[in-house]
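Here is a short tour for you, with the structure to hand. Take a look at it first, and then follow the notes below.

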Amino acid sequence: MRSSINGFRVFHDLKLVKKLWLSFSLVTLIALIIFAMLSSTYIKRFMTDREGNAMLQKIEYFTGSMDSYIQSIEKSSQLLVYNENIQDPLSANAANLNGMNRIQAYNYIYDQLRQLSARFYGIEAIYLVDKYQNVYDSGVGMNFTPSYLVSDEFVKQGWYDKMASNNSSNSLWSFIKWRDKQTSIVMFKTIYDKNNLQILGYLIISISPTILNNYLASSNLDEGTNSIVDSNGFIFSAGSGAENPHIDIARMTGTKGHYTEERDNYVVAYSKHLLTNWTFVHTIPESLLLKDLKRINNLWIAFLGLSLALMVIVSVFISRTISMPMRKMIRMLRHVEQGNLNLKFQPLYKDELGDLGRAFNHMIDKVREGEPLMREKLVRSLIEGSMTESEAQMFEERLGFRLSSTSFRVVLLHVHGGNDKEVLDRAESIIHEFENWHEMISIYLSSEQYCLIFNGTNEEVFNKINVLIAVLKERLGLQMYAFVGNQYEHVNLIKISFEEAKTLLNYLVGERMDEQTHVFFVGDSWKLQYPEAYENKLLYYMEQRDIDNCAAVMEELIVYARASHLVPHVLYALMASLYNHLYKLLIKSGQSAVLSKSWFGDVQEKLLSQPLEKNGRQFIALVREHLSPSVPEEKKPSRSILKSLQIINEHYSDVGLGIDSVVEQIGLNANYFSQLFKKEVGVGFTDYVGQVRMEHAKRLLEEPANKIKDIALQVGFMNPHYFSIWFKDNTGLSPSQYRKQLLGQIG
């Protein structure tokens, strides 16, 4: 059993081409062997039936030749026993006659017996035994003395009883082995009184077996052994007088037929003779009868070998046809692993391998276009709130993610409990599959956490979250929790929804997790205590100097506060936060001098004494006065931005260079730094770092001695493959293509 398992494992470890031609060859060999065995069996049976019928025809020809001889003896013996000169002495007991009458009777009987003996070739002796136990013989070649026929030994053999009980007019024919082991053909005939049908005696004719050899020679039964089985079951083989051990009397049913003696490999044909009640048998060795089958088998073996060789050639051709494209694709995949994306599989046919090749080309195109990087870049831009209209249009064209609705919401999915990497990878695949049917885009944040950005109404988002959680639980058995940020109307407010969901996740993950609840909302915890969503919108529009949207959000806040019955201290805290932020903006822009020293005291008094409607609208008026776009802004980059530019230029080769590492050194908030950088430099932080790295990459590519993988490390890419994708995404050419084009221009 173990050897079979090991052999099966070894077979599966073989290369595809070897497994295919081995399988084809084995199946072909088994099929050909089965076909050869069935064909050989059928041919053997066909030849046996054909030769058996031919043997029966020869036997019938032989018995036909024997019939005339036997019938002539029958007729002559019939005339003899019904002769009046024979019947009268037998009925009166010739031994009791006197004188001349006795002599005449004896002479006549002996004379008739001699004439009958001389008339037929092969007769050894003729005996006539009357009912008075007188024995008359022909006196020619006697096998035994006449007294033996009336002895107790012969009487005990039962021949007289058989003749007396024979109701047929035919004689009894049999073989008798005498004392000297000589075998003779003996005919027994009962003599009846023709007047009263009383038994007068018996006629016994002994014929030499050599007569059979003559007839057999003339009947062309020269191959095999010819035998005769008499009514007593005695088997006589012509010419030898020996019994044939290959004859099974029990199988000789019917008047004629043939069978195969499997034990001794003989074919036996037989036919019963009605006149003598004998069964004529012809036996021949199966090897002699089927000598032509041996040549057929040899031909089959040659054909089997030729067919197997041909099938091996065909199977090798078919297996190579299948395996060669797959080997080519494996080589291409190895090149892809090494960062070479300038590959294209050329499918020759429209079969499954052709479909696989076209799918491979499509995959390479997607990788070459940098879809994973584009997806990550889109989500990062949305979370950072630095998306421009041109970038949004580009992402829509490249990724197919349409920002069609004016409603955005971030959902953070958290997997509760430890799970292996395979399950988490399958969960990520299901989430990506879910994107195809919903207005959503996702990204893998960290271990067991996924960020989902929805673009749709509240009701649609809630339904999609519940369906996704149910699917993940049903397929993978995962316990998922969703942390939902507030909904915002502007794409650059997605970062606020993300921060809200992240804060909620950090607050609830752990012992506070509710086993029965799977979806948590920011508004569920402090919706009636503090209107944080409105505060975030106002802060954002203040940063953007968008006074009209600030005024619109304030009016919405006034309606909401009245409907929700917000308490005064909550409204005081909200307005104080807004005034503080406004003061920060004025300080950053150098306008803090326009405010009087008693400004904070006046604000505090107003907030405590006036309703939200008046305070809110006064605040908008103050914002419009001091944050209007007509107010001149400082054009010179701030010290923080200058320091960040210095860090970028010095550490562009650092793989870990990012906003977090820079703000840690200059001491600013990441969101504020991102907005300030784009405002003063003109491009986002990520794009600027990319420009610096691109300039150095192009400079390094001018030197042919620099390897592309070394250049990737020098400009901050650990993986040369992603460096190639990024380079082509920004230049339209791969690094190797850019170098060739550049060297060609120089040459």
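This is a predicted model: local features need pLDDT of at least 70, side-chain atom pairs count only at pLDDT 80 or more; totals for chains, interfaces and linings use all residues.

Two strands count as paired if DSSP finds at least two bridges between them. The protein chain holds 28 helices and 15 strands, and 44% of its 747 residues are buried.

- Strand E3 and strand E4 (residues 183-192) run antiparallel and are joined by six bridges.
- Within that pairing you can look for Phe175, whose bridge partner in E4 is Ile185.

- Another open sheet of five strands has the order E7-E6-E10-E9-E8, and its pairing is antiparallel.
- At its edges stand strand E7 (235-237) and strand E8 (256-261); each has a single partner strand, and therefore one side of each lacks a neighbour in the sheet.
- Neighbouring strands here are turned against each other by 25° on average, with direction ignored.
- How many bridges pair strand E9 with strand E10? Strand E9 (residues 266-273) and strand E10 (residues 278-285) pair over eight bridges, in the antiparallel sense.

**Helix H4**

- Helix H4 (residues 99-119) has 21 residues and, at 1.5 Å a residue, should span 30 Å; its end C-alpha atoms lie 31 Å apart, which agrees.
- The buried residues of H4 are Ala105, Tyr106, Ile109, Gln112, Leu113, Leu116 and Ser117.
- Viewed down the axis of H4, these buried residues fall within an arc of 135°, so they line one face of the helix.
- Which exposed residues sit on the face of H4 turned away from its buried side? That face carries Gly99, Met100 and Ala118.

- Phe619 belongs to helix H21 (residues 612-626).
- Is Phe619 buried or exposed? Its relative accessible area is 1%, and buried means under 20%, so Phe619 is buried.
- Leaving aside residues up to four places away in sequence, Phe619 touches Met542, Met554, Met575, Leu578, Tyr579 and Leu582.
- Phe619 and Val603 are 16 residues apart in sequence, and their C-alpha atoms are 9.5 Å apart in space.

**Cysteines**

- A disulfide is a covalent bond between the sulfur atoms of two cysteines.
- Counting pairs of cysteine sulfur atoms within 2.5 Å, the model comes to zero disulfides.
- Cys451 counts as buried, because its relative accessibility is 0%.
- Cys550 is buried too, with a relative accessible area of 1%.

**Contacts along the chain**

- Consider the contacts in the protein chain between residues at least 6 apart in sequence: 63% of them join residues at least 24 apart.

Definitions and conventions: Residues are numbered from 1 along each chain as its sequence is written. Side-chain values use heavy atoms; hydrogens and water are left out. Helices (H or I, at least four residues) and strands (E, at least two) are DSSP runs, numbered from the N terminus. The expected span of a helix is 1.5 Å times one less than its number of residues. Buried means under 20% relative accessible area, exposed over 50%, partly exposed in between (1.4 Å probe, protein chains only). The arc is that of the directions from the helix axis to the C-beta atoms. Contact means heavy atoms within 4.5 Å. Axes are lines fitted to C-alpha atoms, for helices over the stretch in contact, and angles run from 0 to 180 degrees between N-to-C directions.
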